[in-house]
Amino acid sequence: MKRVAAIHDISGFGKCSLTVALPVISAAGIEVAVLPTAVLSTHTGGFTHFTYRDLTEDIQPIADHWKSLEIKFDAIYTGFLGSFEQLDLVGRFFDTFKTGDNLILVDPVMADNGELYKIFTPEFAVGMSRLCKKADIIVPNLTEAALLLGETYNPGPYDEKYISGLLKKLSDLGPKQIVLTGVFFNEKELGAATYDAGTGEIAYSFENRVPGYYHGTGDVFGSALLAAVMNGFSLSEAAGIAVRFTTSAIRKTAAAGTDIRFGVNFEQTIPEFLRDLRID
Ligand code: PXL
C-alpha cells in the first residue's frame, strides 16, 4: 500500500484541508499520515471569531519522530500553511523525506478570486513560491498563479495562449508538473489545465460551471488529483478525475441549498470517484 504524508491544518468545521485529504485519499486505497499545522474551529473563509491553535512547535518533533522510525512516504502533500516559519519547516521536511522516486505535491493555498486570504500578507507569496521550487507538482488556482509569478491577477475569461504561458512560467519556478485550477474560456464551463514539462503536453478538463463559490473545493480537487496520480493515472487523466469529482460534489451541495461556507458533499461522491479510479 502506498503512503502519503499530508501536511495541512485541521479546520474542525467546514470540510477542507485534513478533514478532506484524509477521507478522500484513504478511500482511494492510500495510507495517510497526517501532520497538522494548526487546529481551527472553522476555516477562515467567511467565518468570523474562529479559534486558531498554531502547531508550528510540533512540526519538527513530529518529523524527527517519523524519521527515527524510518517511515518512508510515496508522496508528501502540503496545503494551508500559516506562517513563514511553517514554510521553512515544511521545506526542511521535504529535504528530510525526499527520495529518488517519491512525489512532492504543493498546493500553494493562499488566495482565490483575486484576493489573498485575510490572514496572509503579499510577502507570504514570495515564501510560498520558494517552497514551490521544491515540488514535483503544484496546484495553484489563477489567483495563486499570479501571486507566485508576481503578476497582476486576470479575472478571465482566458484563452489558450494566456494559460499555456502561465503554465510554462510556473514550471520555470521549478516544478515539472503544473495543474492550474479555475480555468475557463467561456462562462459555461470551468475546469483545470495541466502541463507536463517532461513531455511538453498541455491538456484541459472542463465540466459545466455550477454558479456560486464553494469553500474547500481546492482541497477536494488536490486530494483527488494526488490519489489518482498515485493510482497510476497520468497528470491529465488525474486532473479529469479530480474535476469530475469536485464538480459532482459541488452539484450535490448546490442542489441541497447548503451554505457555501460549509464545504461540499464529497462524501456521497466517493462511490463515483472510486468508479472513475476503477478501484470500486
Ligand atoms: O481550503 C483552504 C483552506 C484551508 N485551511 C484553512 C483555510 C482555507 C481557506 O480559506 O482558511 C484554515
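**Helix packing and the ligand site**

In this predicted model, helix α8 (residues 235-256) packs with helix α9 (residues 270-277) at an angle of about 165°, and their axes are 10 Å apart. Angles over 145 degrees count as roughly antiparallel, so α8 and α9 are roughly antiparallel to each other. Their crossing is right-handed. On the α8 side the contact is made by Ile 241, Arg 244, Phe 245, Ser 248 and Lys 252, and on the α9 side by Ile 270, Glu 272, Phe 273, Asp 276 and Leu 277. By class, this contact of α8 with α9 has 5 nonpolar, 4 charged and 1 polar residues.

A second pair is helix α2 (residues 56-68) and helix α3 (residues 84-97), whose axes cross at roughly 5° and come within 10 Å. The helices α2 and α3 are therefore roughly parallel to each other. From α2, Thr 56, Ile 59, Gln 60, Ala 63, Trp 66 and Lys 67 meet Glu 85, Gln 86, Leu 89, Arg 92, Phe 93, Thr 96 and Phe 97 of α3. The contact of α2 with α3 divides into 6 nonpolar, 4 polar and 3 charged residues.

As for the ligand, the residues around it are Asp 9, Ser 11, Cys 16, Ser 17, Leu 40, His 43, Thr 44, Gly 45, Phe 80, Val 109, Tyr 117 and Asp 219. In the side chain of Asp 9, an N or O atom is 2.7 Å from a nitrogen atom of the ligand. An oxygen atom of the ligand lies 2.6 Å from a polar side-chain atom of Thr 44. For Asp 219, an N or O atom in the side chain is 2.6 Å from an oxygen atom of the ligand.

Notes. Residues are numbered from 1 along each chain as its sequence is written. This is a predicted model: local features need pLDDT of at least 70, side-chain atom pairs count only at pLDDT 80 or more; totals for chains, interfaces and linings use all residues. Side-chain values use heavy atoms; hydrogens and water are left out. Axes are lines fitted to C-alpha atoms, for helices over the stretch in contact, and angles run from 0 to 180 degrees between N-to-C directions. Helices (H or I, at least four residues) and strands (E, at least two) are DSSP runs, numbered from the N terminus. Angles under 35 degrees count as roughly parallel, over 145 as roughly antiparallel, 65 to 115 as roughly perpendicular and the rest as oblique. A crossing is left-handed if the near helix is turned anticlockwise from the far one by less than a right angle, and right-handed if clockwise. Contact means heavy atoms within 4.5 Å. Ala, Val, Leu, Ile, Met, Phe, Trp, Tyr, Cys and Pro count as nonpolar, Asp, Glu, Lys and Arg as charged, and the others, Gly among them, as polar. A residue is near a molecule or strand if one of its heavy atoms lies within 4 Å of it. A polar contact is a pair of N or O atoms within 3.5 Å; within protein, one must be able to donate a hydrogen and the other to accept it, and residues adjacent in sequence count only if both atoms are side-chain atoms.
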